[in-house]
Amino acid sequence: MARPDADEEQEKPLAPEVDKLRGKLIRFMAINLGLLFLALMVVIAAIVYKSRKATPVSPPLAGDIQVPAGEPLSGDIVLPVGAKVVGQSLSGSRLSIDAELADGSRAIFVYDIAERRLIGRFAIRNK
């Protein structure tokens, strides 16, 4: 391969119209990159703002049950006729009652104290 002449290796000056167009393109690119950077900063600022304003969601605890001051919490838990309470367990605002029914079988009743309603009944049987 023949080596090009030293004159051809040097850059030739651009024509004035091409140089003017090149300047406009550089200015256009700088403005667009500046606007893009500004838009990106606005999006990041909005994400940070939203993440700081968000409150963490946590399940209500037994201590979060609203009780009027000076009055004890009261309510009724209805079990079937003839049922005897064998045991109970409290977890958060949920109460489980192990009961022996009138026919001798056993069942577990799950009661939500905060909502004041029975949410489940599970029969205990042998296979």
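## The central pair

Strands β2 and β3 run antiparallel, with seven bridges joining them. The model here is a predicted one. Within this pair, Ser 96 sits across from Val 110 in β3. The two strands make a hairpin with five residues between them, and Gly 104 in the turn takes a positive phi of about 95°.

β3 is well wrapped up: five of its seven residues are buried, so the rest of the structure largely encloses this strand.

## Building out the sheet

Step back from that pair and you get an open sheet of four strands, in the order β1-β2-β3-β4, with antiparallel pairing. The edges belong to β1 (84-91) and β4 (117-124); each has a single partner strand, so one side of each is left without a neighbour in the sheet. On average, neighbouring strands are turned by 20° against each other, direction ignored.

On one flank, β1 and β2 (residues 94-100) run antiparallel and are joined by seven bridges. Here Lys 84 stands opposite Glu 100 in β2. On the other flank, β3 (residues 106-112) pairs with β4 in the antiparallel sense, again over seven bridges. In that pairing, Ile 108 faces Phe 122 in β4.

The loop between β3 and β4 holds Arg 116. This hairpin has four residues between its strands. What is the phi of Arg 116, given that it is not a glycine? The angle is positive, at about 55°.

## The nonpolar core

Which residues make up the largest nonpolar core? There are eight in all: Leu 95, Ile 97, Ala 99, Leu 101, Ala 107, Phe 109, Tyr 111 and Ile 113. β2 and β3 each supply at least two residues of this core.

Tyr 111 is worth a click. Leaving out residues up to four places away in sequence, Tyr 111 touches Asp 76, Ile 77, Ser 93, Arg 94, Leu 95, Arg 116, Arg 117, Leu 118 and Ile 119.

Now for the helical part. Helix α2 (residues 16-53) has 38 residues and spans 56 Å from its first C-alpha to its last, close to the 56 Å expected at 1.5 Å a residue. Is this helix buried or exposed along its length, going by the count of buried residues? α2 is hardly covered, with a buried count of zero among its 38 residues.

## The whole chain

Overall, the protein has two helices and four strands, following the pattern α-α-β-β-β-β along the sequence. Of its 127 residues, 11% count as buried. The exposed surface comes to about 11400 Å², with carbon and sulfur atoms supplying 60% of it.

As for contacts with a separation of 6 or more, residues 24 or more positions apart account for 15% of them.

Terms used. Residues numbered from 1 in each chain as written. Predicted model: local features only at pLDDT ≥ 70, side-chain atom pairs only at ≥ 80, totals over all residues. Heavy atoms only, no water. Pairing = 2+ DSSP bridges. Axes fitted to C-alpha atoms, helices over the stretch in contact; angles between N-to-C directions. Core = buried A, V, L, I, M, F, W, Y, C linked by side-chain atoms within 4.5 Å. Buried < 20%, exposed > 50% of the residue type's maximum accessible area, 1.4 Å probe, protein only. Contact = heavy atoms within 4.5 Å. Expected span 1.5 Å × (residues − 1). Areas by Shrake-Rupley, 256 points an atom, 1.4 Å probe, with all protein chains shown as cover.
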